[in-house]
Amino acid sequence: MRKKGKSMKLSAGLAVLGLSLAMAGCSQKGQAADNEGSQGIEGGIQQEWGEEDKQTLRYAFDRDFGGKAGVCVPMAALEDETRMNLVESQFNSVTMENEMKPESLLGSSPNIGEDDFPVLDFTASDTILKQIKKYNDSVGMDGKKISVRGHVLVWHSQTPEWFFHEDYKEDKPYVSKDVMLARMENYIMQVMEHYDGADSEFKGMIYAWDVVNEAVNDTDGGMRTDSSWFRVFYNFDYVEQAFVYANQYAPKNVKLFYNDYNDTNAKKADGICTLIQKIQANPEARIDGMGMQGHYDMNFSASEFEESAKKYAALVDEIQITELDLKSSTDYDGTATEEEYQKQAYVYKSLYDTVIRLKNEEKIPITAIVFWGTDDGNSWLQDANSVGGSADGTRAQCPLLYDADYEKKPAFWAFVDATQLKPLIQNLQVSHMDDYEGVTETVYGDEDTKVKFQPIWNEKGLGIRIQVEDKQADDDDSVTVYAGIKAEDKGMEDIQTSTVSRADGTSSDKGYEATVFFDQKNLEAFEEIAFDIRVNDGGKLLSWNDTNNNQDNSNESYGNLVLKPFATIYKGTVNVDGVEEGEWEKAQELELTVVGTENGQPEASARAKALWDEHALYVLVKVTDPNLDVSGSEVHTKDSVEVFVDENNDKAESYQTDDKQYRVNCENVHSFNGSMCKEDYITSETVKTEDGYMVEMAIEWSEVQVQPDMLIGFEVQVNDCKAGERLGVLNWYDTTNTCWSSPASYGTARLAENK
């Protein structure tokens, strides 16, 4: 959906919402999905697939959920034989990157015909269609033929500005709504007649159209206002009418889609559903499907995808993932490529597993997955952009299934044959604790046997409590734990093991429990320990990380335990006056030692303290900084302290009402993130010191009634800035610098009664 190339400009980001939509919930659609056009194996083509064909995306998608395998292709790809061979060998659906968009068909300057409507130029799109047609004529099997998703008829971006103005001149006023509707209708009519008219050489090649693209904003699901369509209509009427005209001129077997990004955001999904319902209320309009663009990142949530897909499926007959790619991890700098590729493969796998289950078990009508590019080197994410789903150019990107040399990455096998994936090296955060109370359980296993374990660490060593849910006792039932200090130059001799048989464990109503302790003095925060657990259930082996169960021979597929600090926050009340006195003396001191760099090494250092009472959380941060700076244009580019609080400690992937980010800069100016973060909920004082500054604050509880022994999510961060830019950050706990977007990155603190 996006434009590539430095010479091509996209419109600015989202404007503030001027018109909102109420969302009462998505109603049930009136008919079940039809899957006409699906190349299902049971439909009689299985015998035509050769062994080589079975290593393709189009075969895998047909096999697993009966859908099309699609890819974005620009004009430039036609000159790259290797790239086109990849397209023709793997996919059976193509979306043109820019060549079917209004900007391409209308041109940069108007060519007005005798009927006072623009004459469209189809040269670029026809060039691609002719090559696809030539390929289709050369293959005999329908499952290998390539069909086309039309993209896009109506979009706020990549539509010439002159199209909206009187006499087609940008310096003249906008035309009236009626004139604009006439222009829209004529445009859609010309497009449909060219590609699917009775005399068209391309008739039947296009199976779907994105009729309207990105009309809903991100903030509350209301109307996008940074659009000349909006400036003419000031409402969603143009969207509705686009589907009226598309229905009037498109062949009935061509599916009509609404298409949008940020498609798993709950508020935006509700707004999209409201828009779909508005379209459906018009008897002259037709909308068949929802295009979930799928510009996701490594924090992708399969559950959020599922929730949104179900909302859309309640209304439309088809869902397609139309522009899929994955932005890289926030800490990926282009060097740890193999690790990033493995992580990416498993994120893609979580999406694909969800698609298969939703389609086959819950009958959610997902009919295609389209990747936004053939390979990493040609991805639009390699260029900085400011529109939704894009990358900002600050870090390396490897978003697709093939690398820049057109070689398959592990992500390819996540779709085609997941058995070829190496076990994912999982990282598990382990808190500094003296007991297992309140430690989150990690769970794995299968339908018959479930394993739950809780690791802790302290000055004495590493402890793991394991619960095995297995009601059938067998003689060889046991659990084995593997642990060692992770180092590249150390082998299996550095791994300690401990096996506890069922007989030596403690019986429970669901199976048995075991506790293992490794005496490892001098463990330090943020150290990594190679680690795995393997359970023997009557000869069946179940492992947490090395799913090949090869722990005794190699530690290559062990997971990692990352030792993290844990805070005890004692009860106490203080006056927020910028003076460290009174009950501050009993607070635990926390060192901010996690360094994140951006524009140089941070020059600051910091220590923090915290107390609590029934009214508020109190935080005191002392920052040593030789250069105080508030000249930056953004709030995070001014020297400041940030405190993150997750009141119910649910470690959600995205912000809930109980999750808060409060920022106080060195001049005592506040800024916030979180729906319940308000100026009324924070009191603060800042004091300049000889070597920096101190911040004292009280943050009121708003969502929970706190009490002793309660666990909260907690993090303290210092932004160290210089010359208007942030040099970097100092954190107490988070090594990923993602607290601003994900409370799952917060540390954990216990509210204690007395010291």
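The crossing of α5 and α7 is right-handed, a term used when the near helix is turned clockwise from the far one by less than a right angle. This is a predicted model, in which local features need pLDDT of at least 70 and side-chain atom pairs count only at pLDDT 80 or more, while totals for chains, interfaces and linings use all residues. Residues are numbered from 1 along each chain as its sequence is written, and side-chain values use heavy atoms, with hydrogens and water left out.

**Helix α5 with helix α7**
- The axes (lines fitted to C-alpha atoms over the stretch in contact, with angles from 0 to 180 degrees between N-to-C directions) of α5 (residues 177–196) and α7 (residues 237–249) come within 9 Å and cross at roughly 35°; helices here are DSSP runs of H or I with at least four residues, and strands are runs of E with at least two, numbered from the N terminus.
- Contact, meaning heavy atoms within 4.5 Å, involves residues including Leu181 and Met184 of α5 and Tyr238 and Gln241 of α7.
- By class, this contact of α5 with α7 has 10 nonpolar, 2 polar and 1 charged residues, where Ala, Val, Leu, Ile, Met, Phe, Trp, Tyr, Cys and Pro count as nonpolar, Asp, Glu, Lys and Arg as charged, and the others, Gly among them, as polar.

**Helix α9 with helix α10**
- Helix α9 (residues 302–313) packs against helix α10 (residues 337–360) at an angle of about 35°, with their axes 10 Å apart, and their crossing is right-handed.

**The sheet**
- An open sheet of 5 strands runs in the order β11-β12-β13-β17-β16 with antiparallel pairing, where two strands pair if DSSP finds at least two bridges between them.
- The edge strands, β11 (442–445) and β16 (506–507), each pair on one side only.
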